[in-house]
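Hi everyone, thanks for coming. Let's get the structure up on the screen and walk through a few parts of it together.

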Amino acid sequence: MTDGQNRMERGRVERYRNLELLARQVVEGFIVGLHKSPFHGFSVEFSEHRLYNSGESTKHIDWKLYGRTDKLFVKTFEEETNLRCQIVIDTSRSMYYPLERHNNIDHPNKITFATYAAAVLVEMLHRQRDAFGLALVSDSIDLQTPLHSRTVHQNYVYGQLEKLLSPMAIDTLPPQSTHIAEPLHQLAEQLHRRSLVVLFTDALFDDAEQERLFDAVRHLRHCKHEVILFHLLDKQHEIDLRFENRPHLFVDMESGRQLKLSPSAVAEKYADAMKKRMNGIKQRAIQHNVDYVEVDVGQGFDQVLQPYLYKRVKML
């Protein structure tokens, strides 16, 4: 291996470790917060134990823990799982907006936020001994991992997520509009019944594609899957149009269409149109019994963890 290759590999490993480290820190901080909130008592305290159920074998009871707590807990193992969660990330070109904030954890673009948010969910799922898998979708299923709860699988998923943070991921994107509905239809059929599907997307589709998206969501629900739709937006730019007050050239990242205008001249009408659009998506989600969560990528990961935890508690 050349010196240049060695440097590239060291850089890759460093990014991977940063991804894993941040995921752990976010989850640990969130759990501490739960203990000071109405969430106290949810099953995140014990990562290697669960409460003993009357009538089951006493073979795996942790008697030492019983001596300390006067409660019966059973040791859990890697193959035990309570829930199956398929994390799905929309990797279309619009998710990479703004390009200059790619892999900037302090000011992330949408794909960076989705990548780190997925890593945070993986950490939480792993701690709860839930099975998890990752799917990356564009016009097709570009990646689909199996669903496991093992540590080796967690590391593999982290490695796949880390690839999304590479600049090369942008260069290889196709220069056309992306349609994620068909991959979601495929996942609906392939997943184990009653899985939790967590979808990260900016939902920047035309009306026809939006209709196809919710047709796929309806398919997921028909197959008994629970769905959380995390609608990712860069609120500063995509809602508030907070740009310098001068003419700008706006380029559609998927179609390549260009439009030159001054943001201040259209900001009010644009904001009204976006709010109407987002309300429409939210109402469609509610109609299909889908948990809709509006996410500003400029904010923290509690936006993701708290809705996930609510959903998990309802499912179990």
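I'll go through a helix pair, then a strand pair, then the cysteines.

Quick ground rules: this is a predicted model, where local features need pLDDT of at least 70, side-chain atom pairs count only at pLDDT 80 or more, and totals for chains, interfaces and linings use all residues. Residues are numbered from 1 along each chain as its sequence is written, and side-chain values use heavy atoms, with hydrogens and water left out.

Okay, helices. Helices (H or I, at least four residues) and strands (E, at least two) are DSSP runs, numbered from the N terminus. Look at α3, residues 110-127, and α4, residues 151-164: their axes come within 10 Å and cross at roughly 175 degrees. Those axes are lines fitted to C-alpha atoms over the stretch in contact, with angles from 0 to 180 degrees between N-to-C directions. So α3 and α4 are roughly antiparallel, a label for angles over 145 degrees. Which residues of α3 and α4 make the contact? On α3 they include Val122 and His126, and on α4 they include Tyr158 and Leu161; contact here means heavy atoms within 4.5 Å.

Next, strands β4 (residues 131-137) and β5 (residues 141-144) pair in the antiparallel sense over 3 bridges; pairing takes at least two DSSP bridges. A hairpin of 3 residues joins β4 to β5, and Ala135 sits opposite Gln144 in β5.

Last, cysteines. Searching the whole structure turns up 0 disulfides, meaning cysteine sulfur pairs within 2.5 Å. Cys85 has 1% relative accessibility, so it counts as buried, meaning under 20% relative accessible area with a 1.4 Å probe, protein chains only. Cys223 is buried too, at 2%.

Note on methods: Parallel < 35°, antiparallel > 145°, perpendicular 65-115°, else oblique. Buried < 20%, exposed > 50% of the residue type's maximum accessible area, 1.4 Å probe, protein only.
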